[in-house]
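Here is a short tour of a ligand site and of a sheet. Please have a look at the model before reading on.

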Amino acid sequence: MTRISDGDLTPRFATRAVHAGQVPEPLAGAVMTPIYQTSTYVQQGLGKHKGYEYARTSNPTRQALERNIAALEGGLHGFAFSSGLAALDAVIKLLSAGDHVVSGENVYGGSHRQMTHIWARLGLTFTFVDGGDTAAVAAAVTPKTKMIYAETPTNPMMRLCDLAATGEIARQAGALFVVDNTFATPFFQQPLQYGADIVLHSTTKYLNGHSDMIGGLLVTSRDDLAERLAFIQNGSGAVPGPFDCWLALRGAKTLALRMRQHDASGRRIAEWLGTKPRVKRVYYPGLPSHPQHDLARRQMKGFGGMISIELGDAAFARHFVERTKIFALAESLGGVESLIGHPASMTHASVPREMRERMGLTDSLVRLSVGIEDVEDLMADLEQALADD
Ligand SMILES: *Cc1c(COP(=O)(O)O)cnc(C)c1O
């Protein structure tokens, strides 16, 4: 666990992204936080040390990352993990057997799989509802509900959860409100401001932004939760290595720049796709045609580079994803390079078919992660892949 210091709260986002959590290294004054590739730390005497005893418990490179992301989310405490799913694992360990969780139904496929195939076996119960339907969330709460878990926008349906309203439901139920903010990033949306108790990230995606590491992160402003999460982080031990922390820290420095570009290109491509006859529907919260566009404008400062499109024909969707040349066919998202995916057979294959269909996640749905390449090249690539020949 790392608590941010006052100096980490410089006023503006891009300045925080570059500086929060980092101080010149004391030995040589290195401007960049070193990779402290060590498992242990020498002690000056019994019980006398510099605050570091063993690297599962704390590591200076990891702490710099934890402070940096906590400061970006406007939170006080950060906890880094070896993956986004390890961060989820730690969050769920705040609960006990018999507790009930209300979760958005269209959460990341791996999050759904962890809940239903691992935690349900160990005595937790889950109800999955449309997180965009606040009344359905409220109706699913029982006296045993200890956590409301939301993703917004969701992957890949781009459905939004009303953060303020859902936070209020959780508060009244005495349940924790946990928000996976991987898609929007703190640059566009800061759930702690809307009553979330904990924000979760797969740093693998936009925060690192360069598709070269796997990691997760939790942020909270509550001291009581921070103490328990620190115990779980150390006690369960799914911590990231210092090199991966260093990569994510380096990536986060350019988050503001990258997100501006993802957003500008995302808006332009989403609008343009809407004019293509082969594209039956565009799912993008920045479009006025999105059913929750007003909510998007209320709780988000931008809409980013994630777009899903309904092509209405599964065979054509397969053909399309295999024909793009710049958009690489791959799982994952949020990197500088553009990716294209087929959620039904890739990221969401572990979600039961009838649940996929209920959400509109059809076999003809294609997901785009718009990178920071020249937008004209990206549009030309999609244009040639949409051609009928
Ligand atoms: C990728 C992802 C995760 C899981 O993170 P990993 O780092 O792959 O374990 C969780 N939530 C969302 C929204 C994701 O996109």
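This is a predicted model: local features need pLDDT of at least 70, side-chain atom pairs count only at pLDDT 80 or more; totals for chains, interfaces and linings use all residues.

Residues are numbered from 1 along each chain as its sequence is written, and side-chain values use heavy atoms, with hydrogens and water left out.

Around the ligand (a heavy atom within 4 Å) you will find Ser-83, Gly-84, Leu-85, Tyr-108, Glu-151, Asp-180, Thr-182, Ser-202, Thr-204, Lys-205, Gly-215 and Leu-333. This shell divides into three nonpolar, six polar and three charged residues, with Gly counted as polar and Tyr as nonpolar.

| Residue | Atom of the residue | Distance to a ligand oxygen |
|---|---|---|
| Gly-84 | backbone N or O | 2.9 Å |
| Leu-85 | backbone N or O | 2.9 Å |
| Lys-205 | polar side-chain atom | 2.7 Å |

Taken alone, the ligand exposes 380 Å², and the protein buries 94% of that (Shrake-Rupley method, 1.4 Å probe).

Now to the sheet. Eight strands (DSSP E runs of at least two residues) form an open, mixed sheet in the order β1-β2-β8-β7-β6-β5-β3-β4. At its edges stand β1 (2-3) and β4 (125-129), each with a single partner strand, so one side of each has no neighbour in the sheet. Strands pair if DSSP finds at least two bridges between them; β2 (residues 77-81) and β8 (residues 216-220) pair in the antiparallel sense over five bridges. Phe-81 has Gly-216 in β8 as its bridge partner.

Terms used. A polar contact is a pair of N or O atoms within 3.5 Å; within protein, one must be able to donate a hydrogen and the other to accept it, and residues adjacent in sequence count only if both atoms are side-chain atoms. Helices (H or I, at least four residues) and strands (E, at least two) are DSSP runs, numbered from the N terminus.
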